[in-house]
Amino acid sequence: CLIDAEKFFTQSDLNELVYCEQMEGHVQGGYLPDGRPKLVCLLNKSLEGLKQSGNTAQTNNIAHLTGPCMVKQCVYEPTMFKRDFTINGAQVVLILLVWIDDILAAFTRGYYNQILVPFYETYSKRFPAKLLGQPKRYVGIDWVNTPTELTLSQETYIAEMVPKFVDTKKLQTKVELPATRGNDNSDPYHALLEQFKAGTGQATDKPYLSALASGMYAAVFTRGDVSFHFSFLARFAQRPTVEMWEALEMVLIYMYHTRRRCVLTYTAKEPAMPHLPSCQPRLDPKVFTKLRGLLVISDASWKVDATYAGTFVLFAGAAVDWCAVLLKVQCSSAEAEIGAGSIATKKMMYVRNVLGELFGMPDIAISHVVDNSATPPLTENLGVAKKTEHFRRWLHFMRYSVTHGYSYVHLCKTNEMLAN
């Protein structure tokens, strides 16, 4: 259920002494010879746009939530709040996700009047709010919620965003993204990278940075399939050329034509385990089920100036986190894979900590799938060898996770690698 706080920033008193000009058309006290009002306003309340407003409003909001509303702020994700309590002998829960002045509330099914309504009434005494019911859109994401599934997409956002940057005629033709690995084992934007290094090419007058940031918003929230492309094209934001704009335009057109089929569907039922028959040791269906489908997959592509790590974390049947990031100064494919694994492990730790705090998680090592044969022994054995003595400290985080039982590495064939 979605709760929208009204005039959120103006509900808090200012602790600082702040003055502002009077509003045009409502000036009192007359004018100076230069046309300015003689008097200014002393602000008693925050206004949206003040430097203090965001912090003041959220500080008061948290105090009200954790005080009269009796919800506890989560340690691992401070934008989330939770309350466990008992109603007529039944254990029930209220979970909140706070996004500035919007609150997404989840609660035990069948207890709307006993859980949500009392919370809403208490919250509204301090911050007047509207109870909007089940969300259809939240922070630019389309929601479809059933008793057993939650489906997220950004079809509406992409349909509205892309035409702002791409001509309507160009949107009539479907395009395919360049493969993340070409026939010569180079990145798909290798020519653009060389152009950027040389400082050649005609500068574009198109809104490259705005289009990049708008597309990246979708890539971060629901469109992991274009994460690599936006990560790479972001390297050119300082000095984009006409060719770089055309490459970015292609990605936006692709997103536009795939806006309906790229969705994330999370299930309350037993999630299906990915088909990875070559995994050694094999993935354990019982462990997968106990962890509610929590699984980590990471990969890296070792190339000069273009070594990228691709990672994602699965839970409840769909991805909950992913990234495509540039790895610098990797001396071997094994080091690149360890680097990707360490990045994935950090994301896995965050996801596990948040899920554990909200729902509780069994003390079982999480399966981590890789396709590099050197990775399992490098993460299971302590000490260094001639080929690993140069590893930096952050690269050893994956080994720390394995040796302390947080994760366990499985090796699969490259043609089955989902993060490639």
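## Aromatic rings: exercises with solutions

Y217 and F221 are four residues apart in helix α5 (residues 208–221), so about one helical turn separates them. Keep in mind that this is a predicted model. Let's work through some of its rings.

**Exercise 1.** Work out which class the ring pair Y400 and Y406 belongs to, using the distance and the angle.

*Solution.* Start with the general idea: a pair of aromatic rings is described by the distance of the centres and the angle of the planes.
- Step 1: the ring centres of Y400 and Y406 lie 6.4 Å apart, and rings pair if their centres lie within 6.5 Å.
- Step 2: their planes stand at 25°, and planes under 30 degrees apart count as stacked.
- Step 3: therefore the pair of Y400 and Y406 is stacked.

**Exercise 2.** Decide whether Y400 and Y406 are buried, partly exposed or exposed.

*Solution.*
- Step 1: recall that buried means under 20% relative accessible area and exposed means over 50%, with partly exposed in between.
- Step 2: Y400 has a relative accessible area of 38%, so Y400 is partly exposed.
- Step 3: Y406 has 34%, so Y406 is partly exposed as well.

**Exercise 3.** Find the charged side chains that sit over the rings of F127 and F196.

*Solution.*
- Step 1: over the face of F127 you will find R126, 4.5 Å from the ring centre.
- Step 2: over the ring of F196 sits the charged end of R239, 4.5 Å from the centre of that ring.
- Step 3: look around F196, which forms one aromatic cluster with Y189, F228, F232, F236 and Y308.

Terms used:
Residues are numbered from 1 along each chain as its sequence is written. This is a predicted model: local features need pLDDT of at least 70, side-chain atom pairs count only at pLDDT 80 or more; totals for chains, interfaces and linings use all residues. Side-chain values use heavy atoms; hydrogens and water are left out. Helices (H or I, at least four residues) and strands (E, at least two) are DSSP runs, numbered from the N terminus. Rings of Phe, Tyr and Trp (its six-membered ring) pair if their centres lie within 6.5 Å; planes under 30 degrees apart count as stacked, over 60 as edge-to-face and the rest as tilted. Buried means under 20% relative accessible area, exposed over 50%, partly exposed in between (1.4 Å probe, protein chains only). A charge sits over a ring if NZ of Lys or CZ of Arg is within 6 Å of the ring centre and within 35 degrees of the ring normal.
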